[in-house]
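User: Please take a close look at the charged contacts between the chains of this model. Then go on from there to the parts around them and to other local features that deserve a mention.

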Amino acid sequence: MFEEPSHNDSLLMHLDPRIKIVAVFFFSMVVAILNRIPVLLCAWVLGFLMVFIAKVSLRELVKRLTPVNMLVGFLWLFLPFTFPGKPILYLGTLPVTHEGVLYATKITIKSNAIMLTMIGLVATTSIFTLGHAMHELKVPKKIVHLFFFTYRYIHVMQREYIRLANSMKIRGFRAKSNLHTYKTLAYMIGMILVRSLDRAQRVHNAMLCRGFKGNLYSLKTFSINKRDIVSLVLATAIIIVLGVLEWKTTT
Amino acid sequence: MENNDLTIHLKNITFSYPGCDPVLEKLNIQFQKGSKIGLMGPNGSGKTTLFHIIMGLLKPSAGKIEIFNTPVETENDFRKVREKIGLLFQDADDQLFSPTVLEDVAFGPLNLGKTKSDAMDIAKNTLDFLGLNGFEERITYKLSGGEKKLVSLATVLAMEPEVLLLDEPTSGLDDKTKETIKNVLMSLDLSYILISHEIDFLADITDSIYTLQSGAINYDREIQVHHHVHAHAHGAYEHEHD
């Protein structure tokens, strides 16, 4: 999901990234513990609203939602049959339970709602702005560094993978279901790991040579304006309303 | 007094990678301020290892290192060394880790304790000096090979080192980028040691060329101008070779 932000000019793009992170974080927390379907549906609609305001193209949306929903698909394969509860119908001899279907539905809506807001966030903020904003929000340094380096070197690793894959291809390697294939693939994965480790060592050395003492500095300065404050208040209000709706109906 | 100009002094340095024969054996080097030295040698002869020992990235198994007439041993000693000696790595992807060019070039100065705005100024000036204006917000991993190399050089120069260690700065570069690097090095009032396999390049911009072979350094005699007789098609026409 970490690609360059879509270069559109949306309202979300101009918001202070710190506010976006905080809002998405608390939104996700609340949605994760929601339990009532109507409230969950509200959250889902809100997610779509975010994506709509962020002007994410449909293609991008589908591309980013697919992996999550593949996972959710697997849950649908098992949960309705294994979750204990009242059977509502039988597939052959397998009972499908009411509680299982309900549970799977909730997970589907939850994960999609959270993912949608994440997409809205990532699509309107460049990766290094996100990193710097995390730093400003006092996220532990190590996590921020990890975030930066993952982004920077995932491309280098991908290039290394492509190089290895190509060198296998030009020597006639075709993946089949036999021991030779498994061995070769294992070698390749091992090679990528070892090379990454070497690479990490060299990068660290290069950083030491430039006086690295454990700090990454940001050249960006963030400033909060009126629009940011209004958005923060609005986001907080929405999150609280979601929480209250859940709490009111459970007591 | 002559001793004041002794920048890098290696005494009887021995180094071996685990489980291998020593790469460097009782190596002695005296590098004077103002020298511009080329270093050649076969692959695996320990050229890069030598640079890494000078920077304190590898620890020799025996021998003493003195830099600017001060013995250096601990990581703390080497921290100071790294402020004065800049190392340009062989692979630019190892050197550039920040998302944008400007941030990467400003990283060194910031580590030296410069303020944000000073670091930005230094970074911008260095980029200008290398003809890289307009590169500030470019994404480092999306640069071409030549651009990456030049930006790496900028990151090292931004620390205003007294000595440069350049590890094959021109390998894999086109003629235009090579020319830029050559011009930059010639216009700088810096001492440097340059590893390269390209004899012409070394001859142009260094005072003397040494070779590193079987763990020891040999001095290659002073550079002599000489001609080669050669033959090829259309050779009858007056022409020049690069």
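Analyst: Arg202(A) and Asp94(B) are joined by a salt bridge in this predicted model, with 2.6 Å between the closest N and O atoms. This pair runs from one chain to the other: Arg202(A) belongs to helix H7 of chain A (residues 179-209), and Asp94(B) to helix H3 of chain B. The two partners differ in cover. Asp94(B) is buried, because its relative accessibility is 2% and the limit for buried is under 20%. Arg202(A), at 31% relative accessibility, is partly exposed.

The contact does not stand alone. Arg202(A) and Asp94(B) are members of a network of salt bridges that also links Glu160(A), Arg163(A), Arg199(A) and Asp91(B). The network therefore draws on residues of chain A and chain B.

Another salt bridge involves Asp93(B) and Arg159(A), whose side chains meet at 2.8 Å, N to O. Here too the pair crosses between chains, with Asp93(B) in helix H3 of chain B (residues 92-95) and Arg159(A) in helix H6 of chain A (residues 141-169). Asp93(B) has a relative accessibility of 6% and is buried, whereas Arg159(A) has 35% and is partly exposed. In both of these pairs the aspartate is buried, Asp93(B) at 6% and Asp94(B) at 2%. The arginines are partly exposed, Arg159(A) at 35% and Arg202(A) at 31%.

Aromatic rings of the two chains also come together. Phe149(A), Tyr153(A) and Phe212(A) are linked by ring pairs with Phe97(B) and Phe107(B) in a cluster. Over all chains, the whole structure holds 9 aromatic pairs. One of them, in chain A, joins Phe25(A) and Phe26(A) edge-to-face, with centres 5.3 Å apart and planes at 80°. The label edge-to-face applies because 80° is over 60, the cut-off for that class.

For comparison, consider a salt bridge with both partners in chain B. Glu147(B) and Arg138(B) have their closest N and O atoms 3.3 Å apart. Glu147(B) is partly exposed at 22% relative accessible area, and Arg138(B) is partly exposed at 32% relative accessibility. Arg138(B) has a further contact, since it lies over the face of Phe135(B) at 4.7 Å from the ring centre. Elsewhere in chain B a lysine is placed over a ring: the charged end of Lys84(B) is 4.9 Å from the centre of Phe68(B) and sits over it. A search of the whole structure gives 16 salt bridges over all chains.

Helix H6 of chain B covers residues 145-157. Its 13 residues reach 18 Å from the first C-alpha to the last, close to the 18 Å expected at 1.5 Å a residue. H6(B) is mostly covered, with 11 of its 13 residues buried. Among the buried residues are Lys148(B), Lys149(B), Leu150(B), Val151(B) and Leu157(B).

Two residues have a backbone feature worth noting. Asn69(B) is partly exposed, at 32% relative accessibility. In chain A, Lys138(A) has phi near 65°, again a positive value in a residue other than glycine. Lys138(A) is in the loop between helix H5 (127-136) and H6 of chain A, and counts as exposed because 70% relative accessibility is over the 50% limit.

Two further points concern chain A. Leu11(A), Leu49(A), Phe52(A) and Ile53(A) make a nonpolar surface patch of about 420 Å², and Leu11(A) comes from the segment before helix H1 (17-33). Gly243(A), in helix H8 (residues 226-250), is partly exposed at 26% relative accessibility. Gly243(A) and Gly100(A) are 143 residues apart in sequence, with 24 Å from C-alpha to C-alpha.

Conventions. Residues numbered from 1 in each chain as written. Chains lettered and ligands numbered in written order. Heavy atoms only, no water. Phe/Tyr/Trp six-rings, centres within 6.5 Å; stacked < 30°, edge-to-face > 60°. Lys NZ or Arg CZ within 6 Å of the ring centre and 35° of its normal. Helix = DSSP H or I, 4+ residues; strand = E, 2+ residues; numbered from the N terminus. Expected span 1.5 Å × (residues − 1). Buried < 20%, exposed > 50% of the residue type's maximum accessible area, 1.4 Å probe, protein only. Patch = residues over 30% accessible without salt bridge, like charges linked within 9 Å, V, L, I, M, F, W, Y side chains within 5 Å. Areas by Shrake-Rupley, 256 points an atom, 1.4 Å probe, with all protein chains shown as cover. Salt bridge = Lys/Arg side-chain N within 4 Å of Asp/Glu carboxyl O.
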